[in-house]
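I opened the model to look up its sheets, the helices packed on them, and the contact between its domains. Notes follow in the order in which I checked things.

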Amino acid sequence: MPEMLEVEAARAVIEARALHRTIAEVVAPDAWYLKRGLNAPAVKRALKGRELVDARRRGKLMLVDTSNGGPVLGLHLGMSGRVVVDGVAAGDPLVYASNREVDAWHRFGLRFADGGTLWMRDPRRLGAVELDPDEDRLGPDAAEITRDELAHVVGRSRAPIKALLMDQSRIAGLGNLLVDEVLWRVGIDPARTANTLKADDVARLHRTIRQTLRTLGRRGGSHTGDMPRERDAHCPRDGAMLVRRTVGGRTTFSCPVHQR
DNA sequence: GATGACCTGTGA
DNA sequence: TCACAGGTCATC
């Protein structure tokens with residue numbers, strides 16, 4: 001799933017419904033889904049009999065701690081993954097992905113001794129499960145990053161600012177939709193070279209990231225932004241025709257008038 | 001850093 | 001049939 005707001009919603013579902021239940025079975029029918037040399041026997045051995053005791057998140061990576069010194073279960077939702085506990089999925093349906101319930105899309109699961117289940121449902125199979133993921137490959141979480149850290153990220157890079165903000169090793173959690181919304185709100189062109197941002201731009205960008213995460217989090221997800229993502233749409237702020245192009249390898253919408 | 005690859009579903 | 005999809009990863 002998608003960006004950090006959806007991962008946070010999934011984390012909250014795990015926290016509310018899946019902790020402190022004994023894992024009776026581990027279902028891992030899709031070897032492709034297990035990453036970093038992990039295989040079905042190993043993950044069963046590692047998790048069976050334990051409980052999930054805490055659900056954390058860093059950027060788009062979900063980190064679930066297990067009991068009795070067990071491994072950290074790392075879950076990536078990819079482009080279309082959802083966490084479903086006892087039939088309850090987090091937050092809003094994904095806009096561009098299917099929300100049907102199809103057993104074949106269950107790539108990984110935990111059956112609890114009380115009869116319930118936690119599924120990762122992922123039509124496109126771009127998500128992943130791993131044990132003890134390396135958290136340090138990710139930069140500071142976008143909701144926690146300080147202004148100074150952001151200034152350091154922007155620093156002397158000649159990349160487009162959008163590409164930088166989507167680079168999970170520098171700042172973790174923002175994806176295509178959130179970055180476009182943030183840059184539209186703050187009035188910065190996604191293709192602008194990062195090192196042309198002044199200290200004042202960075203300060204405004206920092207405030208806008210935090211504010212956008214709060215607002216869209218309350219509304220229900222990354223797709224609830226104010227900037228329309230459609231061909232031939234107009235900027236709600238100044239009425240100009242939005243531009244659609246590729247920046248940082250992703251489809252990008254922006255306003256040619258107020259984003260500079 | 002830009003590009004293509006990965007995988008599969010949806011809607012025009 | 002084609003374009004496109006909210007994410008990463010390897011490769012030129």
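In what order do the strands of the open sheet of 5 strands lie? I read the order as 1-7-8-5-6, with antiparallel pairing. Strands pair here if DSSP finds at least two bridges between them; helices (H or I, at least four residues) and strands (E, at least two) are DSSP runs, numbered from the N terminus. Strand 1 (23–27) and strand 6 (88–89) are the edges, each with a single partner strand, so one side of each has no neighbour in the sheet.

Before going on I noted the conventions. This is a predicted model, in which local features need pLDDT of at least 70 and side-chain atom pairs count only at pLDDT 80 or more, while totals for chains, interfaces and linings use all residues. Residues are numbered from 1 along each chain as its sequence is written, chains are lettered from A and ligands numbered from 1 in the order in which they are written, and side-chain values use heavy atoms, with hydrogens and water left out.

Entry: strand 5. I found 2 bridges joining strand 5 (residues 82–85) to the antiparallel strand 6. Val-85 has Val-88 as its bridge partner in strand 6.

Entry: helices on this sheet. Helix 1 lies across strand 5, strand 6 and strand 8 (117–121), at about 20° to strand 5. Helix 2 (residues 40–47) touches strand 1 and strand 7 (106–112), and its direction makes about 165° with that of strand 1. Contact means heavy atoms within 4.5 Å; axes are lines fitted to C-alpha atoms, for helices over the stretch in contact, and angles run from 0 to 180 degrees between N-to-C directions.

Entry: I read an open, antiparallel sheet in the order 2-3-4-9. Strand 2 (52–58) and strand 9 (128–131) stand at its edges with a single partner strand each, so one side of each is left without a neighbour in the sheet. Helix 1 (residues 4–17) also lies across strand 2, strand 3 and strand 4, running at about 170° to strand 2.

Entry: the domains. The assignment for chain A, automatic or from a database, gives domain 1 (4–136) and domain 2 (139–254). I find 12 residues of domain 1 in contact with 20 residues of domain 2. The rule finds 1 salt bridge across this interface, a salt bridge being a side-chain nitrogen of Lys or Arg within 4 Å of a carboxyl oxygen of Asp or Glu. On the domain 1 side, helix 1 gives the most, with 3 residues.
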